[in-house]
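Let's take a walk through this structure together, one piece at a time. Keep the 3D view open as you read.

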Amino acid sequence: MGLGTESLITQVRHLLDGRIVIPSIQRGYVWKKSQVPFLLDSLYKDYPVGSLLVWRTTLDIPLKAASVVQNQQDQLHPSVLLDGQQRLTSLAAVIAPDRTIGTHLDVRFDVDSEEFLNASATQRRNPRLLRVSQLIGEAPQFGQLLAAAGVDNTDPNYDMFYERVRNVHRIRDKLVPVITVNSDDYEEVAEIFTRVNQGGRRLAKGDLVLSAIAARWPEGVEVIDQFSDELDRQNFALDREAVLRLTGLLAGTGAHSIKLINKSVTGDDLKRCWSQTETALSYAIDFLRGECSIPRSAVLTSPNVVVIPAYLLFLKRSRLSPNETAHLKRWVYTAMAFSYYSNQVEGKLDADAKALRTATANVGDAGDALTDLVRRASGARPIGTPIEPEELSSKKMSSAWFNLLYIAALKRSAKDWINNQTLISAPMTSGSRIEYHHVFPKAKVLQIYGSDMTNCIGNLAFVFGSSNRSIAAKDPATYLPTIPEERLEEQQVPTNRELWSIDRFPEFISVRQSELANVLNRLLEIPSATSTAPVAEFPTVESELPEDEDDAFSVGDAYDPALDSPSAMPAASAMSPRVETRVQQVRGIGGYRRSNGAVASHVLQVLGRFPPGTEFRISEVAAYESTDYEANEISAGAIAQGVNKGTIPGVEYVPGVRPRRIRLT
């Protein structure tokens, strides 16, 4: 990458001569006329106007027509303009108005006020407003132009006016930074695109992919846009990046969609793979709606959750066995619950797709492979670890668990509290967001109990927006008795009226969180917290991601476990010798960092830094970092499971305290 400076007129000439070209990923010329005088004024006053970014490559880049008439290209590989199209085209339209396509610009310079403006019909009759195209053009006659404006050489201010029009002409010679990227690596250029703000529009890798599609399959972009519009009409609009990742998997190039640009992928390949993408997504949307009770894409926690169901359903031609259906449904909920695709998306998709492809090819039934995928999607949380009520204390409407509780309500055909219609019949308004209501209105409890408790999941219920507005800030002891009891039970609202008073709000939350945790565990097919079944030990997700390149995906795409390495805790000397001994004992349990031994080690390290008997909420222990886990990496449920099973020596629940607390004895 190189950085230099060149005059504006040089860059404008390069654009007009066809030595600078516009890639198809760029927008057309979209600047408003009012923006051009502002640009000229900045240049006139020597204000910075940003740099130009050009790409020099030997690759065959799909281009689009510029908004000025360009000469026939005399270079085999002209420079591709990545950033600066709007500014450069505006200046070209002013300097060479006869080369403009579409919008005609007539910017004037007021010699009295030194103002640039788009003159109205009346203003154009004012001789003091000079055409900028004449002042900034080749070899202007300043004396003649000033004379036409009523300024002759006898004017006492003639030199001042002459200097002003000369300064307008000097705009063409202003130096601007030019950043040049010399690369034939699409991946590198795509990364640059994602980091450079193109006039307010951040380009993504999907833009590059669509650019390649446009070049190799001319009608492809229109076909893709039509399908995207159809998904939008079905309230299942999906992120372009996620969709193209699926296309890459089906094309055999992997989830890194940028690889679709490889020359080996022909226009016919793209056309075929896109047709498969449409089919696969149609299968997946039907599955998500019918089997998972996910009515619209806004309920998903990540658009990438759609990719694996679509891929498997395409492999199986939408003919899943009952076993596969059950396991795939559980995987969807698990991937949502634990934000599986919050990082290393492409590597995880490649590994998951490979597991399914292998299973369907060798065994036929993907049930066992999906079981492994459920384990992977559980992340740092040991599979089968129940969600504890205390974990809901810190969860709000932004949590994935909020979405899952909404899905659970839809599966039960829960109804609105006021009009008695099923929630799934809600109108698709407000961007199809989930509408909810504070059971205890914020106006009643916020000042008393604080934001965390007021806005936690335990205080949120799903109702139509109209019902939320109808209930408004009414006291729960006043309005809850008017709601049919079965409506409240559908959403685990305690029907014990004694809990509906403001002073019993914390107890209401505690009781309801216990019920909501049970709902989540049932949805995720996890045994309840009271189960005595042991939690199985499994290898980490990272250890199972592919290390060798297969016939479809490269080793460079694999999930990088190094990115998940934990930070170190303060020195172990902060712990007492007795606690250090316990840590050494439990660290011998199991062989992997994500094991019950690591959970016990984490808890002991955290509690051991404080005097014995210090009480902690489980979520507080999870918020600390240790040599085994980063802050908030371990789930509160995993800690609770360890305490329940007695696998953390010297740690006990504090009796008679809600929410539950633990301490080191």
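Before we start, one definition: two strands count as paired if DSSP finds at least two bridges between them. Also keep in mind that what you're looking at is a predicted model.

Let's begin with a sheet of 6 strands. The sheet is open, its strands come in the order β1-β9-β3-β5-β2-β4, and the pairing is mixed. At the edges stand β1 (2–7) and β4 (63–64), each with a single partner strand, so one side of each has no neighbour in the sheet.

What does mixed pairing look like here? Take β9 (residues 175–182) and β3 (residues 52–56): they run parallel and are joined by 5 bridges. Along this pair, W55 sits opposite V181 in β9, and R56 has N182 as its bridge partner. Now look at β1 and β9, which run antiparallel, with 6 bridges between them. Here you'll find G4 facing V178 of β9. As for what holds such neighbours together in general, strands of a sheet pair through backbone hydrogen bonds, whichever of the two directions they take.

Helix α3 (residues 85–95) lies across β2, β3 and β5 (79–83), and runs at about 110 degrees to β5.

Next, hop along to another sheet. This one is open as well, with 3 strands in the order β14-β16-β15 and antiparallel pairing. Its edge strands are β14 (616–617) and β15 (651–653), each pairing on one side only. Between β14 and β16 (residues 661–664) there are 2 bridges, and F616 stands opposite I662 in β16.

Our last stop is a helix, α16 (residues 400–411). Its 12 residues reach 17 Å from the first C-alpha to the last, close to the 16 Å expected at 1.5 Å a residue. Is α16 mostly buried or exposed? Counting a residue as buried when its relative accessible area is under 20%, 11 of the 12 residues are buried, so the helix is largely enclosed by the rest of the structure. Among those buried residues are W401, F402, Y406 and L410. And what do the buried residues pack against? Their partners are α13 (322–337), β12 (436–438), β13 (460–462) and α21 (505–523).

At the start of α16, a side-chain oxygen of S399 comes to within 3.0 Å of the backbone nitrogen of W401. After the helix comes S413, with a positive phi near 55 degrees.

Definitions and conventions. Residues numbered from 1 in each chain as written. Predicted model: local features only at pLDDT ≥ 70, side-chain atom pairs only at ≥ 80, totals over all residues. Heavy atoms only, no water. Helix = DSSP H or I, 4+ residues; strand = E, 2+ residues; numbered from the N terminus. Contact = heavy atoms within 4.5 Å. Axes fitted to C-alpha atoms, helices over the stretch in contact; angles between N-to-C directions. Expected span 1.5 Å × (residues − 1). Buried < 20%, exposed > 50% of the residue type's maximum accessible area, 1.4 Å probe, protein only. Polar contact = N/O pair within 3.5 Å; in protein donor to acceptor, adjacent residues only side chain to side chain.
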